[in-house]
Amino acid sequence: MTTFHIHGGIPLQGKVRIQGSKNAALPILAATLLTGDASDIRNCPQIADVQHMVSLLQSLGCRVRRSGDGYLVDSARAGACNMSGDAITGMRSSLCLLGAMLGRFGEVTMEHPGGCVIGKRPIDLHLKALGKMGVSFTEEDGRLIGRVNRLRGADIRLSISSVGATENILLAAVQAEGDTTITGAAREPEVEALCRYLTACGAHIEGIGSSILGIKGGTPLHGAEFTVPADRIVAGTYLFACVGCGGSVLLENAPCGQLEAVIQTAERMGARCQMDGREGGDGIYGADYGYESGLYVQAPERPHALARLRTAVYPGFPTDLQSMALTVLTRADGKSCVEETIFEDRFRVVDSLRSMGADIEHYTQNIVLVRGVSSLRGAKVEARELRGGAALVLAGLMAEGESEITGCAYIERGYENIGKDLRDLGARIVSV
Ligand code: UD1
């Protein structure tokens, strides 16, 4: 497993291009299975989870070829098979193959999907919704088996706004007989991107971007060309890296429209942000960067404490950036309170941050209180999940002295080249 060695305490300066979105690319790649045709999916990040999805599609008989910055996927000859192994159990997004396989073949057999350990992460909503569409599920030897003669449209009300369940229902609904309505659908941009790919393939979906989606089932699908949007979580990670370390950066290509709550949070921390095309005219960094498109960030001298930061479903502050914001607040000029509302075990970085000198105490299981310290000190810590691992890299960059982050394979599941990106911003970070 990769280890990062970081010499911290250096302000960030420069520009970095934001990769394609992992969480958008994965369900879209799964959706190519539905078309029985060739699709050209561009701007796919080169990360382990995407490689896994590609291997799964290949194991189902799809022809997949790297082309430019994306993949050409031809699912004409795909057939149902038993999906098992690391690519299923090690990756939460393999779960979208559930809806895609049922949509294409009417059957699926897969080991229980894994993913980052950030809570219990049940799949009851997926199973209940697909059950309403006619699928019967059984479990044999730890494998989940789903079968349906003919998927039928249904009125589905999600009690929790689940991204994955919304995606699975969409994937099944476009192939079902009759119409489906999803009430309480997740509004995350990755769901919207999936809807846009499916409509490019010929599907009829109403209410895209809202919490009520109407899907007309059974429209014949064909392949399509689609460009995956930039990754809002990667952009947010580098934004907070800058706020925590000081300096000023340009995040080229950052999806500013999807980052409003994140940008507002950075501004409350004292950063100055400028979204290209929003404020026009003289940018705060225009002279340095020649008005390139993206998000310009200028860090404050020291981050301001936040009386309250609370994660929420989109368009609220994303749970996937909570650990990074928490890390920045360890050096803030006062006391902050951070509340996690989406997952129940998402403060796994707290012990590592404490070993670096942070002053954090649990108020409840889902709320922590942070008293800002003047600086963190370098330490040897271990990444134990993707986003928490990225937050430890930020902590290493912010800390005085040397840090060693082990377990970085977790981080590489979501970041194409976090070490190089940060080096391009002037950080001293090497991977071994
Ligand atoms: C996706 C993202 C993940 C992000 C999360 C929330 C991918 C690959 N992952 O995960 O990065 O952190 O959205 O924005 O896109 N739940 C249930 N039963 C279910 C399904 C979910 O109780 O059947 C609960 C979960 O435990 C969680 C909440 O619903 O508390 C939201 O989870 P969900 O939106 O489904 O997250 P994922 O799709 O797994």
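**Packing and backbone notes**

Student: Thr166, buried or exposed?

Tutor: Thr166 is buried, because its relative accessible area is 0%. Bear in mind that this is a predicted model.

Student: Where is Thr166 found?

Tutor: In helix H6, which covers residues 163-173.

Student: And which residues does Thr166 touch, not counting those up to four places away in sequence?

Tutor: With those left out, Thr166 touches Leu158, Ile182, Ala185, Ala186, Val191 and Leu213.

Student: Switching to rings. How many aromatic pairs does the structure hold?

Tutor: Two aromatic pairs.

Student: Take Tyr197 and Phe226. Why is the pair called what it is?

Tutor: The ring centres of Tyr197 and Phe226 are 6.0 Å apart and the planes meet at 75 degrees, so the pair counts as edge-to-face; the cut-off for that class is over 60 degrees.

Student: Which parts does that pair tie together?

Tutor: Tyr197 belongs to helix H7 (residues 189-200) and Phe226 to strand S14 (residues 225-227), so the pair links parts that are 29 residues apart in sequence. Tyr197 counts as buried because its relative accessibility is 0%. Phe226, at 13%, also counts as buried.

Student: Then Phe240 and Phe317: why is that pair classed as it is?

Tutor: That pair is tilted, because the planes of Phe240 and Phe317 are at 55 degrees, with the ring centres 6.1 Å apart. Phe240 sits in helix H8 (residues 232-245), while Phe317 is in the loop between strand S18 (309-310) and helix H11 (322-329), so the pair ties together parts 77 residues apart in sequence.

Student: Phe240 and Phe317, buried or exposed?

Tutor: Both Phe240 and Phe317 are buried.

Student: Over which ring does the charged end of Arg66 sit?

Tutor: Over the ring of Tyr71, at 4.8 Å from its centre.

Student: That loop between S18 and H11 again. Which proline lies there?

Tutor: Pro315 lies in the loop between S18 and H11. A cis peptide bond joins Tyr314 to Pro315, with omega at about 10 degrees. Most peptide bonds are trans.

Student: Back to helices. At what angle do H1 and H4 pack?

Tutor: Helix H1 (residues 22-35) and helix H4 (residues 96-105) pack at about 10 degrees, and their axes are 8 Å apart. The angle is under 35 degrees, so H1 is roughly parallel to H4.

Student: Which residues make the contact?

Tutor: On H1 they are Leu26, Pro27, Ala30, Leu33 and Leu34. On H4 they are Cys96, Leu97, Ala100, Met101, Gly103, Arg104 and Phe105.

Student: How do the residues of that contact divide?

Tutor: Into 10 nonpolar, one polar and one charged.

Student: How many residues of H4 are buried?

Tutor: Eight of its 10 residues, which leaves H4 mostly covered. The buried ones are Cys96, Leu97, Leu98, Gly99, Ala100, Met101, Leu102 and Gly103.

Student: What about Phe105, partly exposed or buried?

Tutor: Phe105 counts as partly exposed because its relative accessibility is 23%. Leaving out residues up to four places away in sequence, Phe105 touches Leu33, Ala78, Gly79 and Ala80. Its C-alpha is separated by 51 Å from that of Met356, 251 residues along the chain from Phe105.

Student: Which residue follows H4?

Tutor: Gly106, with a positive phi near 75 degrees.

Student: What is phi at Asn43, which is not a glycine?

Tutor: Asn43 has a positive phi of about 60 degrees. Most residues other than glycine have a negative phi. Asn43 is in the loop between strand S3 (38-42) and helix H2 (48-59), and with 19% relative accessibility Asn43 counts as buried.

Student: And phi at Asn253?

Tutor: Also positive, at about 75 degrees. Asn253 is in the loop between strand S15 (247-252) and helix H9 (260-268). Asn253 counts as partly exposed because its relative accessibility is 25%.

Student: Last one. Where is Arg152 found?

Tutor: In the loop between strand S9 (143-147) and strand S10 (155-157). At 46% relative accessibility, Arg152 counts as partly exposed. Arg152 and Gly178 are 26 residues apart in sequence, with a C-alpha to C-alpha distance of 6.1 Å. Not counting residues up to four places away in sequence, Arg152 touches Lys132, Met133, Gly134, Ala176 and Glu177.

Terms used:
Residues are numbered from 1 along each chain as its sequence is written. This is a predicted model: local features need pLDDT of at least 70, side-chain atom pairs count only at pLDDT 80 or more; totals for chains, interfaces and linings use all residues. Side-chain values use heavy atoms; hydrogens and water are left out. Rings of Phe, Tyr and Trp (its six-membered ring) pair if their centres lie within 6.5 Å; planes under 30 degrees apart count as stacked, over 60 as edge-to-face and the rest as tilted. Helices (H or I, at least four residues) and strands (E, at least two) are DSSP runs, numbered from the N terminus. Buried means under 20% relative accessible area, exposed over 50%, partly exposed in between (1.4 Å probe, protein chains only). A charge sits over a ring if NZ of Lys or CZ of Arg is within 6 Å of the ring centre and within 35 degrees of the ring normal. Axes are lines fitted to C-alpha atoms, for helices over the stretch in contact, and angles run from 0 to 180 degrees between N-to-C directions. Angles under 35 degrees count as roughly parallel, over 145 as roughly antiparallel, 65 to 115 as roughly perpendicular and the rest as oblique. Contact means heavy atoms within 4.5 Å. Ala, Val, Leu, Ile, Met, Phe, Trp, Tyr, Cys and Pro count as nonpolar, Asp, Glu, Lys and Arg as charged, and the others, Gly among them, as polar.
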